[in-house]
Amino acid sequence: MSNTVHSQSFLRKYIFSTDHKTIGAQYTITGLVMAALGGFLAYVFRYNLAFPGDAIPLFGELTASQYNTFITCHGMIMVFWVGMPILVAGLGNFLIPIMIGTDDMAFPKLNMMSYWIFLFSAIVLVISFFVPGGAFGGGWTLYPPLSANGYLNPNPSFFKALFYGNSLMIISVALEFTSLLMGGINFIVTTINRRAPGMTPWRIPLAVWMINIATVIFMFSVGPLIAGAFMLLFDIVLGSGFFDPSRGGDPILFQHLFWFFGHPEVYVLLLPALGVLGEIFPVFARKPLFAYKIIVYLTIVAAILSVVVWAHHQFIAGIDPRMATFFSVATILISIPFSGIFLAFMATLWGGKIRIELPMIWALGFIGLFLVGGFTGLFLGSNAFDIYAHDTYFIVAHFHYTLFPSIFFGFFAAFYYWFPKFTGKELNKTLGYIHFWGTFIFFNFVFFPLFFNGLGGQHRRIFNYGMFDSINIEPYITFEKIATISAICLISIQIVFIFNFIMSWMSGKKAARNPWQANTLEWLAGSPPPHGNFDNIPTVYRGPYEYSAPETDADYLPQNVQP
Amino acid sequence: MNIFPENVSTYGQGIDQLFWLILVFAGTAFFISLFILLYPLYKNHHSRVKRASYITGEKKSQFFLVAVAMCILALSDFIILFAEHDTWETIESLPKVKDVEYIVIGRQWNWAFTYPGPDGKLGTSDDVVIDAPDSELHVPLNKNAFFHLKAKDVVHSFFVINTRLKQDCVPGRTITRWINFTKQGKYDISCAEICGVGHTRMRNFIVVESQEKYNHYIDSLYKQHSAVAGN
């Protein structure tokens, strides 16, 4: 099956590769490049918010129209071109085959095609910055009629309209979903069909469970949005009226289609990160993952509930107030399984023998920040308070406290944990700690002050608060400055990460096969794992979390060791 | 320092109080969670422990505590839901008494106001429309003012910060919300939903004044209007 040493050309090995690890690296690196772009956009508009009217270093003057474009694209990029490739596609590709003990994905060529379509979607998005009128600037939620009526031009011709920022954004999103659907099919089929002998469902590591559940949520919820995106595209280029009330359409319909996907999407990004925590906590606590099976069940419950909470984004959009009560209850219900999952992670630490290493500290930072995001969600899930807090900086701070830990802390935890495996090199620890503390501290200084700006009534997506005397006051002006300066520091500290990444990869110390003394199958493969992963496909004898088990004196017991 | 701007509506107090109530629950839960997360880092540090305990957490007795914590959280969630329900219903449903009413239309990029004409009815030919940036909507103090919210072009969101009311205005729909002002003054109406390049300067005012002054204003408005119409 595996174990054949291929001699491959450079092009086949690194560019048009069908190897799941190379494709995972391609996704991750593309995601990181897009993160740099998204971060730069954030720097530009945050600078403008703190120092309105000033020329921005490295950019120049920002117009109101560019500001709208930048906030829109920042959101789009960070969710769809950073979160999705890094957490779902990247981690899924790296981890699924090797953790379930097989040589590659079920459909390697489909996997390669999925990446190239993804790259194409990113290119289409970047191109949209350069078309007449620039990229779309009507908010990442794409609400029509703003996104549907030519935006720039009331009566666009077919070909002209295709090359407007809003058309290109919709096309790039649709392309990206196509790519991720291919990736998703691969993940699920691989997990179901290609597990190593003995890898029963309850011996699958949590990370693989979580990525698969996230994929199922994604595939289930994405259909309506793709339909909605195409209806929107038809409205723009063909002049149909799906969302145009003057021709019998309804703008709220799009909001439903968007959030039916948009809310589950949050969990699509959260679950892989939770899977990473599920791998890291047991290893560094030397203790089995607390309630592994119950976590999986709770996740499935949360996944089912995730498709009936969407309208909590629309409490004030004009939906029936009685319907809002249903979504409020559903939103509160979904917090219950997640509280169980987080408590189970924390319970894993109690009674353990805890080593604080780099992956562990990122995982702990993740939970610390996510708690803030989770509990501020209580305010917004309560529909009465949401009337006031909706579309203010309170909500901006809240979702950054959920998405930033998921996407970046989740990714960095995974990065510091699996880097020795997939490159065969050790990372520099000191630089790692500088990177962690810099990111953790500056992140809080960016977003914690913004809670107060939101409570003070500052509504979001405003280019310049000069018009609003009642909210353009101290301390909010100072808070904006603190947030901006911290955001610049937060972005700058990532240079340490890039430096560490490149230097360690090129000239780091050689890493051992199993440096963390972990149980799961990937640590059995060479570092870095060769094409085909394992010398021989391993046989699995037990679950992934047998740490400090009574049957052995060592404090870990790999899945493949014969009893 | 007050974290909320001044409240000038009858129901705004309810929203502010709700914040503090949720903060008590969320804050307590946050610090307890933080303790659960951080305490073992000290107590179970590898230098203090010889060997970790083998606890899978799959047994009922082991999961019991987590289940209890989940139930407590669910319970406090529902307490919040019950506590906020009255406020939600008050704001989202209309009071029986309607004292004054206006049509407010969001458009790129200002709010347009329609006062009923001398016949006291909206939707008739004598209505007075004011459609200009920086214009003011005058409303009387301590009266139930109804706002029929509409949008002309794209989605806007009617946000009067000091009353805590926010409501999206959707093309093709008329959504009615109400405010009863408790204090005289001039307040911002902003737009809370991105509506294009002028979103940042979409701002008009609500001027709250005594009934007397209000009547006076309306009279002069009618005179101005009929003078314009007469020409």
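The model is predicted: local features need pLDDT of at least 70, side-chain atom pairs count only at pLDDT 80 or more, and totals for chains, interfaces and linings use all residues. Residues are numbered from 1 along each chain as its sequence is written, while chains are lettered from A and ligands numbered from 1 in the order in which they are written.

**Helix α2(B)**

The buried residues of α2(B) include Phe63(B), Met70(B), Asp77(B), Glu84(B) and Trp88(B). Buried means 20 or more other C-beta atoms within 10 Å of a residue's own; exposed means 12 or fewer; partly exposed lies in between, with C-beta atoms placed from the backbone. Helices (H or I, at least four residues) and strands (E, at least two) are DSSP runs, numbered from the N terminus. Helix α2(B) has 33 residues, 60-92, and should span 48 Å at 1.5 Å a residue; its end C-alpha atoms are 44 Å apart, which agrees. The expected span is 1.5 Å times one less than the number of residues. A kink of about 35 degrees is centred on Glu84(B). The bend at a residue is the angle between axes fitted to the seven residues ending there and the seven starting there.

**Chain B as a whole**

Chain B holds 3 helices and 10 strands. Their order along the sequence is α-α-β-β-β-β-β-β-β-β-β-β-α. The C-alpha trace spans about 95 × 40 × 35 Å along its principal axes. Of the 231 residues in chain B, 36% are buried.

**The side facing chain A**

In all, 73 residues of chain B are in contact with 76 residues of chain A. Contact means that two C-beta atoms, placed from the backbone, lie within 7 Å. On this side of chain B, α2(B) gives the most, with 15 residues. By class, the side has 43 nonpolar, 16 polar and 14 charged residues. Ala, Val, Leu, Ile, Met, Phe, Trp, Tyr, Cys and Pro count as nonpolar, Asp, Glu, Lys and Arg as charged, and the others, Gly among them, as polar.

**Strands**

Two strands pair if DSSP finds at least two bridges between them.

| Pair | Bridges | Direction |
|---|---|---|
| β4(B) and β10(B) | 5 bridges | parallel |
| β6(B) and β7(B) | 5 bridges | antiparallel |
| β6(B) and β9(B) | 2 bridges | antiparallel |

Strand β4(B), residues 136-140, is mostly covered, with 4 of its 5 residues buried. Its residue His138(B) has Val207(B) in β10(B) as bridge partner.

Strand β6(B) has 5 of its 5 residues buried, so it is largely enclosed by the rest of the structure. His156(B), Phe158(B) and Val160(B) point one way, and Ser157(B) and Phe159(B) the other. Phe159(B) stands opposite Lys166(B) in β7(B). In β9(B), the bridge partner of Phe159(B) is Ser190(B). Between β6(B) and β7(B), which form a hairpin, there are 4 residues. Arg164(B), in that turn, has a positive phi of about 75 degrees.

**Arg201(B)**

Arg201(B) sits in the loop between β9 and β10 (203-209) of chain B. Arg201(B) is partly exposed, with 19 other C-beta atoms within 10 Å. Leaving out residues up to four places away in sequence, Arg201(B) touches Met467(A) and Trp109(B). The C-alpha atoms of Arg201(B) and Asp134(B) are separated by 9.7 Å, though the two residues are 67 residues apart along the chain.
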